[in-house]
Structures are given as structure tokens and as C-alpha cells.
Amino acid sequence: MSIIAADVIVTSPDRNFVTLKLTTSEGVTGLGDATLNGRELAVVSYLRDHVVQLLIGRDEHRIEDTWQFLYRSAYWRRGPVTMAAIAAVDVALWDIKAKYARMPLYQLLGGASRDGLLAYGHASGRDNAELFDSIRAHQAQGFRAIRVQSGVPGLHAIYGIASNATSARNAGVRYDHEPAQRGAQPALEDWDTRRYLRHLPGVFEAVRHEFGPDVPLLHDGHHRMTPIQAAALGRSLEPYDLFWLEDCTPAENQEALRLVRHHTTTPLAIGEIFNSIWDYQVLVREQLIDYVRSSVTHAGGITHLRRILDVAAQYQIKSGMHGPTDVSPVGMAAAMHLGLAIHNFGIQEYMVHGARTDEVFEQSFTWRDGYLHPGETPGIGVELNVDAAGKYPYEQAYLPYNRLVDGTVHDW
Ligand code: CS2
Ligand code: MG
């Protein structure tokens, strides 16, 4: 029993995706998501040029040993490219092992700890009228929890406001906000934190007035505040009882969250751009956050993210796995299996993929009454249609970036 083939498949139905497909001597295949939004080809090369040849001939059952081999033999440790590549190998091997066991992956992770995974969707609007329509549309789709992002008067293009226009490539296909724009240069967006801090509390006051006190509301600060600004925002949002305030300040300096935590009881979620347990050490040990945001795809796979979440569980911190459209259906499926099995599940982000993505990735998960479930198909429950994938070649795309009104580059 061994791995006999490792293929890296790049496709771009509604957006760019990188998928690793492993094939064993028994003819069993496994998939892993290796998509790193805006830097996809770096992971393609890491896999194709450095990892694939190391996998051929390896025992597909030795998941932990393969993880440790890829992590330690690289010498250069951690980082988004390395950990996305390792994640893809890890998930593909878990997919294979579960297929051999003729079980859905969650059964190998301890079985179900809940009936389904509460999910949240992305509502947004340039103003409250558009925002309210978007919230209603997401509630009509079944979402019980809603992320709220609003335009800011005086700012023209900011993170998180869905571009509902169809794109030329997908004429007629309306798909949710996809921040990475196709092109040879990143789009420039504008930003002014003071305007944002003055505007946002009024938005949540209006949302609570319109939709009531019960619906779980989330907001993504997207790394754009200083710690004291984040503390001020968290405190100003306390009357509106958020489920979480996400990425309120850049957290490479984990100790920065001590200041935020000191000033506000608004729950905090951090980590979608983190890729290893070391990025969380202070945040978790000092209980500076309430939710771990990493996705399986970006944090070393099932094997590593499970370790992060097990440590977090000792500090009453829950999962809030990243699930935008740039986590592929393979990555989403892996997240659902892990989320169903762990005890400290919190919530799952769920941005609905486009129709062309669903054509390429044949999926078994269900979305019912606001809850996701990975399904009962052996493995992770996703198969890649290689012919369909071939119809959508890679197109360079960049995430936007920010400049302040004085032209200074800022966090996006
Ligand atoms: C966002 C993402 O989903 C989120 O919470 O932060 O949309 C993020 O901007 C993209 O995943 C970046 O690729
Ligand atoms: Mg985010």
C-alpha cells in the first residue's frame, strides 16, 4: 500500500482554486485544498516542485508521520504557503483513510458531537437600506446567524461590501462577495478608521431595532484598527450584543489583545490569517480571544488545526473556522467533518460557492434550516470533476489593498 500519484489541479470556475489529488496503489483517491487567495501559484510550486516527489511511495496510512516529515524536513517552518501545502497533503490522506474505513471522516475523528453546524452568512450594504435587504435575503436562505458589514459615508470602496454586479466571465451568475479581483494589479480601496468608528455603532443600533435582539450578529474589523481603536469599538458595540468582533487589530503581536480585552466584553475572534499553533500561544493561554478563526486549509490540515482547537478547548475557546469563497468545497468539507466531531465547536462561516464551482466539485454536504452537515459519504464527501476543472484555467487575481486618505498604505 503506497501513494502512486500526486496531482496538483488548478482551476478557476468562479475564482482560483488549488487542489491536491493523491492516488494510492489500491486505486483510492483523496483530495486536499491548497488555495491561498492571491498567492495560489506559490503553493502550486511548493507542492509540484518540492513535495510531490517526496510523497510517491509513502504509506498513505501514516498521516501523522507524513505531517511531521513534511513540517520538519522542510527546515524552514510555518508560514501560509508551507502550512497550506501540508494541509492539502493531510486532508487528502484523511480522505483516503476514511474511504478505506468506509466511513465519513467525522467518524474517524470521534464521531458526531452535535446534529449540525450553525453557520453564518455575509450580509452587507453600502447603506442601511441595502444592508437590511441583504440581511433579509440571507435569512430567507436559512441563515440563523449573520455577519454585518456596512459602507462608511465618505469612503468609496471598502472591505466586505458585496459586489452584486455580475462579472463578464459569469454573465448572469450572481455570486457572493469575492474580494480577489482578476487582474495584474491589486485593486485599491480607501479607508478612514475615525469615520468607521463613528459610523458603525449606529448601523448596529439600526440593525437591532429592525431585526430584534436575538439574531446572532457578527462583524469583521479586518485588521484595520489599532488596539485602542479596537477597544473603543468593542466597547461601543456592547449594547448590540455581538456574537463576535473579528480581526479587530493585527495580531502578530498577540499581546496587543490584552489592551482590547481589558476594555470590552464584546467577544473576539482572531486567526484566519494564522497558520500554526504558535500564532495562538499567548491569545489562548491568556484567554484573550473567544474564537479560533483558522481554516483547515490554512492551518496545516485536520491534524494541526485539531491540535490548536484541543488546546483552545482547555481555555473555553471555541472554533469559528474561516469559510469564505476562497476556501474550496474540499476545504469546507474538511472543516465540517472536524467541526462536527470536536466538542468546542462555535460557528462555521459559510459563503455559498458559485454554480461553476459546484460543477467542478461534486459535494455531499447538506445545508438545512441554518445548519451544515458534512454528510455520510465515505471520506470527506467531495470529488473533483477533472473535465469540468479543465474548462476554467487559472487567472491571476489579487486581493485589494487599502490606502488612508493621506495615501499611506494601511491594513486591508
Ligand atoms: C474575510 C475573508 O471571510 C472573512 O472573514 O476576512 O473574506 C477574507 O477577506 C478573504 O478570505 C481573504 O482571502
Ligand atoms: Mg475575516
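The structure is a predicted model, in which local features need pLDDT of at least 70 and side-chain atom pairs count only at pLDDT 80 or more, while totals for chains, interfaces and linings use all residues. Residues are numbered from 1 along each chain as its sequence is written, chains are lettered from A and ligands numbered from 1 in the order in which they are written, and side-chain values use heavy atoms, with hydrogens and water left out.

Helices (H or I, at least four residues) and strands (E, at least two) are DSSP runs, numbered from the N terminus. Asp220 and Glu272 are both buried, where buried means under 20% relative accessible area, exposed over 50%, and partly exposed in between, with a 1.4 Å probe and protein chains only.

I turn to ligand 1. There are 15 residues around this ligand, and Asn37, His222, Glu272, Arg293 and Glu349 come nearest; a residue counts if one of its heavy atoms lies within 4 Å. Asn37 places a polar side-chain atom 2.8 Å from an oxygen atom of ligand 1. For the side chain of Tyr159, the distance from an N or O atom to a ligand 1 oxygen atom is 3.2 Å. The protein covers 95% of the 340 Å² of accessible area that ligand 1 has on its own, by the Shrake-Rupley method with a 1.4 Å probe.

Next, the aromatic residues. Ring pairs join Tyr120, Phe243, Trp244 and Tyr291 in a cluster. Rings of Phe, Tyr and Trp (its six-membered ring) pair if their centres lie within 6.5 Å; planes under 30 degrees apart are stacked, over 60 edge-to-face and the rest tilted. In the whole structure, 15 aromatic pairs are found. Phe243 and Trp244 have ring centres 5.8 Å apart and planes at 55°, so their pair is tilted. Trp244 is buried at 0% relative accessibility.

Finally, helix H11: 13 of its 13 residues are buried.

Terms used:
A polar contact is a pair of N or O atoms within 3.5 Å; within protein, one must be able to donate a hydrogen and the other to accept it, and residues adjacent in sequence count only if both atoms are side-chain atoms.
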